Amino acid sequence: GVLSLMVGFGAKDLVSDIIAGIFIIFEGTIKVGDFVTVGNWFGTVQKIGIRSTRIEYFSDTKTFNNSSLKDIVNSSGKTANETLKVPIPYEADLLEVEKLLEKELPLMTERIPGITNPPKYQGVSSFEDSCILLQIAISPTPMERRKAPRALRREIKLLFDREHISIPYNHIVVKNYDAEEGTYVFTKKEEDGGGAD
């Protein structure tokens, strides 16, 4: 009786997987080569079996029982919309920076893998305490949606370096307390024009 019960539970899961696999195959919910997201996992469908499905992301492969494939997001044939926030100092000439981005962003397309359309400057996103945030849109393929934004940030940093546009960052100023004078004084490193550690 116990053995029959165990076989029954195992057969129940097996039948559920097989039925789900039949629906996946015949309804065409996903196909081999599709880029899909299942829960927290995404990747390219490598194999759809009658009982399980394999989804691969670069060197990692995860096998799902067909009955567990729920809430599938199929991104094949689409692009993933991403936005980047790029800080510039208030002292920068905004009009000149905008002209530079309008000119250079289309040229970056060839150097960034996995994007079909040139990155597009969308304007000022917000005014922060120490910088202005500019917004840039990028439309990579789903497979490159993590790599492409990193590549674009690199290209923008190199561009700003060439054009001598600084990217704001926090500074820490260290002062020494002179007990005899009762005042704070700058360190020798700061007097020479260097930053304090």
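Tutor: Start at Val36, which stands opposite Asn74 in S5. Bear in mind that this model is predicted. The pair sits where strand S1, residues 35-38, meets S5. Three bridges join these two strands, and they run antiparallel.

Now widen the view to the sheet. Five strands form an open sheet in the order S4-S3-S2-S1-S5. Pairing is antiparallel. Strand S4 (60-65) and strand S5 (72-74) stand at the edges. Each has a single partner strand, so one side of each has no neighbour in the sheet. On average, neighbouring strands here are turned by 40° against each other, direction ignored.

Next, the packing. In soluble globular proteins, nonpolar side chains tend to be buried together. The largest nonpolar core here has 22 residues. Leu101, Ile136, Leu152 and Phe160 have the most contacts inside it. Four elements each supply at least two residues of this core: strand S6 (82-88), helix H2 (94-104), strand S8 (132-138) and helix H3 (147-162). H3 gives the most, with six residues.

Look at Leu152 in particular. Set aside its neighbours within four places in sequence. Leu152 is then in contact with Leu84, Leu105, Met108, Ile112, Pro119, Ile136 and Ile138. Ile136 is also among the residues with the most contacts inside the largest core.

That brings us back to the starting residue. Val36 belongs to a second, separate core of nine residues.

Key. Residues numbered from 1 in each chain as written. Predicted model: local features only at pLDDT ≥ 70, side-chain atom pairs only at ≥ 80, totals over all residues. Heavy atoms only, no water. Pairing = 2+ DSSP bridges. Axes fitted to C-alpha atoms, helices over the stretch in contact; angles between N-to-C directions. Core = buried A, V, L, I, M, F, W, Y, C linked by side-chain atoms within 4.5 Å. Buried < 20%, exposed > 50% of the residue type's maximum accessible area, 1.4 Å probe, protein only. Contact = heavy atoms within 4.5 Å.
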